[in-house]
Amino acid sequence: MSENDETKTVAIEDRIMTTLGEVIDPELGIDLVNLGLIYRIEMIGSYCRIYMTLTTMGCPLGNVLADQISDAVTTVDGVTGCEIHLVWEPAWDIDKMSRYAKVALGLHG
């Protein structure tokens with residue numbers, strides 16, 4: 001990958017992360033980025049692969065969130081498709097949340 005291509009990829013990944021900051025967890029009312037649920041974004045050409053987790057393994061909103069993520073990410077210029085990989089390692093805990101999310105949820109830690 002040339003330096004120019006790498007710069008474009010990083011810019012697209014940054015725009016994807018910004019867009020994911022607008023996807024709200026309906027139960028907690030906080031976006032997925034501040035909740036610390038997004039672990040990695042990978043671009044393969046114009047196709048996006050997102051590695052993420054959920055707050056709990058049996059989260060009933062997994063499919064709803066996946067649809068919202070896919071809809072949001074494919075609005076980003078340069079992205080033609082999105083694939084979501086749910087991962088459970090490392091396990092999510094409240095330490096992955098941003099200070100903003102902790103304050104918004106009343107967790108002052």
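V79 is in contact with I12, I16, M43, S46, C48, V73 and T74, leaving aside its neighbours within four places in sequence. In this predicted model, V79 is also among the residues with the most contacts inside the largest nonpolar core.

**Nonpolar core**

- The largest nonpolar core has 27 residues.
- Besides V79, the residues with the most contacts inside this core are I16, L20, C48, I50, I69 and V73.
- Two or more core residues come from each of these elements: α1 (3-20), α2 (32-35), β1 (38-44), β2 (47-52) and α3 (62-73).
- The element that gives the most to this core is α3, with four residues.
- In soluble globular proteins, nonpolar side chains tend to be buried together.
- I16, C48 and V73, which are on the list of residues with the most contacts inside the core, are also in contact with V79.

**Salt bridges**

- The structure holds three salt bridges.
- Side chains of opposite charge can pair when their charged atoms come close.
- One of the salt bridges joins E42 to R40, with 3.2 Å between the closest N and O atoms.
- A second salt bridge is formed by the side chains of E42 and R49, at 3.1 Å from N to O.
- R49 also meets E83 in a salt bridge, at 3.3 Å from N to O.
- This last pair links distant parts of the chain, since E83 lies in strand β3 (residues 81-86) and R49 in strand β2, 34 residues apart.
- Through shared partners, the salt bridges join R40, E42, R49 and E83 into one network.

**Exposure of the charged residues**

- R49 is partly exposed, with a relative accessible area of 23%.
- E83 is partly exposed as well, at 26% relative accessible area.
- R40 has a relative accessibility of 42% and so counts as partly exposed.

**Aromatic rings**

- R40 lies over the face of Y51, at 4.0 Å from the ring centre.
- R40 is also the salt-bridge partner of E42.
- The count of aromatic pairs comes to zero.

**T19 in helix α1**

- T19 is found in helix α1.
- T19 is buried because its relative accessible area is 13%, under the 20% limit.
- Not counting residues up to four places away in sequence, T19 touches A72, V73, T75 and V76.
- Of these, V73 is among the residues with the most contacts inside the largest nonpolar core.

**L86 in strand β3**

- L86 is found in strand β3.
- L86 is partly exposed, with a relative accessible area of 41%.
- Leaving aside neighbours within four places in sequence, L86 is in contact with M52, T53 and L54.
- L86 and S46 are 40 residues apart in sequence, and their C-alpha atoms are 20 Å apart in space.
- S46 is one of the residues in contact with V79.

How values were computed:
Residues numbered from 1 in each chain as written. Predicted model: local features only at pLDDT ≥ 70, side-chain atom pairs only at ≥ 80, totals over all residues. Heavy atoms only, no water. Core = buried A, V, L, I, M, F, W, Y, C linked by side-chain atoms within 4.5 Å. Buried < 20%, exposed > 50% of the residue type's maximum accessible area, 1.4 Å probe, protein only. Contact = heavy atoms within 4.5 Å. Phe/Tyr/Trp six-rings, centres within 6.5 Å; stacked < 30°, edge-to-face > 60°. Lys NZ or Arg CZ within 6 Å of the ring centre and 35° of its normal. Salt bridge = Lys/Arg side-chain N within 4 Å of Asp/Glu carboxyl O.
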